[in-house]
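Here is a short walk through a two-chain model, written to be read with the structure open beside you. Take the headings in any order you like.

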Amino acid sequence: MRHGIKNTPGKGSCAARQRHGAGFPSIGVRSILLRLVVVAFVVCLAPGCLADRIGDLTETSVIDQAARFFSFRDESLRYALLGTILLGVNCGLLGGFIVVRKLSLMGDALSHAVLPGVAIGFLWNMTKDPLAIFIGATIAGLLGALTVSAITHTTKIKEDAALGMVLSGYFAAGYCLTSMIGRLETGNKAGIDHFLFGQAAALNRDDILLMSVVTALTVLCVSLFYKEFLVTSFDAAFARAVGFPATLFHNGLMLLLAFSVVIALQAVGVVLVSAMLITPAASAYLLTDRMHRLLTLSALFGVATGAIGAFLSFLESGLPTGPLMVLAATLVFGMAFLFGPRHGVLIRWWRQRSRGHRVRRENTLKAVYQALERREFKGESVTLLELAQRRRETEEEARQQASALIRNGLATRHGTGEQIVLTPEGWLRACEIVRNHRLWELYLTNAAHIAADHVHEDAEKIEHVLGEDVVRQIERRLDFAKTDPHGRPIPSIDDMRRGAGGLFGRDELVGYGKTT
Amino acid sequence: MPMADNEALPDPPDTGPDNVIHPSQFDWVKSASPEEVPLEIHDMTVAYHKKPVLWGVDLAVPKGKLIGIVGPNGAGKSTLIKSIMGLQPLSSGWVKIFGKPYRENLKRVGYVPQRESVDWDFPVNVMDVVLMGRYGRLGLIKRPTRKDREIARECLDKVKMLPYASRQISNLSGGQQQRVFLARALAQESDVYFMDEPFVGVDAATEAAIVELMHELKEKGKTLLVVHHDLPTAKEYFDMLLLLNMRVVAFGNTAEVFNVELLQKTYGGRLTVLSEVAEAVKASQT
């Protein structure tokens, strides 16, 4: 199995990868992007492919690497994996509520606003003390949120503009501060630059402890107050009317949001942390219609993307974890977007396509019926030429349409193959469509008083969607009328069963019901 | 604080020299037991950004009545309901539900908000929404029990929505959404109900079902206050009418209050509305 993959497409990617490596000796942005794509591909498709190169570094194959990474054997990697898993759960759970409450931009603003707090927390005792940074960052984040609400409440500036300003303003201040720290001579400043794009490998024991506390808090709050968060998110006014302090829950959620942004900084970085909140939850939103499932899925996606991101960054040591995690999350979203069983693009496209095909088949059936009707149902077969003329198409198109009918068991070939005859099933459906069309036209002219020459277009569309019960209701309301506004006979259920010859007062019956 | 707010407010709107309503109209409350007065409002003023929306509202509602709240756009009909339920801060005045402040009696109040006030793409199904009606009784932290689910099912059945219990709410028609909101209010098992425009955007069958349900509730001694925008049906649906335009223009039995003079006063000089009023009155007299 592995050998098979190794020798086919994977080898090609490997070669491609080496070529790029040779072309760009210094690692530029483009090169990194290319490498990322290739790495993602290789990891997905051909696990054995990277063996040679990674082998130079540590172990022999990606599978061994993965085994080592995911089995918690290596201490430094253990923290990285544990951290990203905690992060996935935390961000996934909160993200679910953030997305349904339409607070996604708030998450983004908050995450950028924490950066000055990080810098000040670092300056507190000139070291990367998780607690000092946590406190500084939380305060800065909450200040950012307060600034937004102060701007929106006291001026006519709306929330989007306020969020945009606060986000960039705080971030700029934070970036200047961290760059200054980077140039300081004193102190252990290692890792301050990781706050921009994250480095899961740099997580230490204290970081994990802090992450565990915050994640435990989030899980506890969400499971204890699930009902309260649900009702305040769906209908805050109702929640307040039944006595739930909606504002308190909102503020609580914002506080948890600030906490989780701050603990995510180390691993994901300021710039991309909001994606870890939004993307897994948005993917889950595409896949389910129930809140508790959304939260579960979102947390699962969070864990998966976190772990994959950390692993990829471990493979390509030196790459920041944040972008890799976000890429993984985006990939999950892309899958949900394309292949989601209910709202996925693919399934929707497929449904639309089959609906289009059905409508076209039904129109062909109708054309066959009309062709038969033109000669007062003398004979049952219709030539492709007749069909083409009725549909105003080329003969080739008529042939395709006829084949579609035959494929679906609605018609059979007749004679030399240039003629078709409807099967009982096809006959019934053809009658139904004509009946829907003409009854609807009559209904529009009689009940809605629309002129007879205005109703055809509408009936062309509605004929394909009317259900049997509605049609019968219409028929009853029209007192079982026999002819449509243009003077053509409307086939009744009886005609459909017996065959249509009776419509023209002849004994010879055409269609279903004829002695077969 | 409310006083300071009050002083900053502009003069009250001129609704004519002699408002029909007079506080003495509610003197009966003084001798009634609290159980007989589902809702009492005294001198309630509500303002948005210092702009008054409701001004000096006095009201006392007798038990077991079906009451329509009628008035032009911007008359403060929804605000009145929201202020009663504490969703809107009062600049002055007070509200009592069965003789107690709202907060102390909120389990006795059911609420049907406007249908557009929520996001119908929210990831919940019909049952989830109706169960929310039980949340007030459950209080914090406690989860709905089997009994709550049973009650929710009964309420869904009453609005003929039980077959839709597991539908996602975005797959419902406007009328069905309104029925779900009604079922949620029923699940609150309250004694006084506030409904904000329950007839907006619903089909005829739902409208009839809502009217039937309202009468059923009334028969059980519940009191209903319903914001309504359609004058011709207002006359038909409600026992009593509250004519509102920032102030209470009139409150009384429909037969007494539904007349050209008072409706003109409520709807001001707006011609289109006036003609509608004239039509409605003419229709009601023939």
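An axis here is a line fitted to C-alpha atoms, for helices over the stretch in contact, and angles run from 0 to 180 degrees between N-to-C directions. Please keep in mind that this is a predicted model. With that in hand, look at helix H16 (residues 273-287) of chain A and helix H17 (residues 291-315) of chain A: their axes come within 8 Å and cross at roughly 130°. The crossing of H16(A) past H17(A) is right-handed.

Which residues make this contact? From H16(A) come Met276(A), Pro280(A), Ala281(A), Ser283(A), Ala284(A), Tyr285(A) and Leu287(A). H17(A) answers with Leu294(A), Leu297(A), Ser298(A), Phe301(A), Gly302(A) and Thr305(A). Sorted by class, the contact of H16(A) with H17(A) holds nine nonpolar residues, four polar ones and no charged ones.

Elsewhere in chain A, helix H8 (residues 115-125) packs on helix H10 (residues 159-183) at an angle of about 30°, and the two axes are 7 Å apart. This angle makes H8(A) roughly parallel to H10(A). Here the crossing is left-handed.

On the H8(A) side you will find Leu115(A), Pro116(A), Val118(A), Ala119(A), Phe122(A) and Leu123(A). They meet Tyr170(A), Phe171(A), Ala173(A), Gly174(A), Tyr175(A), Leu177(A), Thr178(A) and Ile181(A) in H10(A). The residues of the contact of H8(A) with H10(A) comprise twelve nonpolar, two polar and no charged.

## Domains of chain A

How is chain A divided? Domain 1 covers 2-64, domain 2 takes in 73-220 + 260-338, and domain 3 spans 353-504. Taken over C-alpha atoms, the centres of domain 2 and domain 3 of chain A are separated by 61 Å.

## A three-stranded sheet in chain A

Chain A has an open sheet of three strands in the order E1-E3-E2, with antiparallel pairing. Strand E1 (382-383) and strand E2 (411-414) of chain A are the edge strands, each pairing on one side only. Two bridges link E1(A) with strand E3 (residues 419-422) of chain A, and these strands run antiparallel. In this sheet, Thr383(A) stands opposite Gln419(A) in E3(A).

Helix H21 (residues 395-407) of chain A lies across E2 and E3 of chain A and runs at about 120° to E2(A).

## Strands and a hairpin in chain B

In chain B, strand E1 (residues 39-48) has antiparallel partners. Seven bridges connect E1(B) to strand E2 (residues 51-61) of chain B, with Met44(B) opposite Val57(B) in E2(B). E1(B) and E2(B) form a hairpin with two residues between them, and in the turn His49(B) has a positive phi of about 45°.

E1(B) also pairs in the antiparallel sense with strand E4 (residues 92-97) of chain B, over five bridges. There, Ile41(B) stands opposite Val95(B) in E4(B).

## Where the chains touch

How many residues of chain A are in contact with chain B? There are 20, and they contact 18 residues of chain B. The elements that give two or more residues to this side of chain A are helix H13 (226-234), helix H14 (236-241) and H17 of chain A. By class, the side of chain A that touches chain B has twelve nonpolar, two polar and six charged residues.

Methods. Residues numbered from 1 in each chain as written. Chains lettered and ligands numbered in written order. Predicted model: local features only at pLDDT ≥ 70, side-chain atom pairs only at ≥ 80, totals over all residues. Helix = DSSP H or I, 4+ residues; strand = E, 2+ residues; numbered from the N terminus. Left-handed = near helix turned anticlockwise from the far one by under 90°. Contact = placed C-beta atoms within 7 Å. Nonpolar A, V, L, I, M, F, W, Y, C, P; charged D, E, K, R; others polar. Domains from an automatic or database assignment. Pairing = 2+ DSSP bridges. Parallel < 35°, antiparallel > 145°, perpendicular 65-115°, else oblique.
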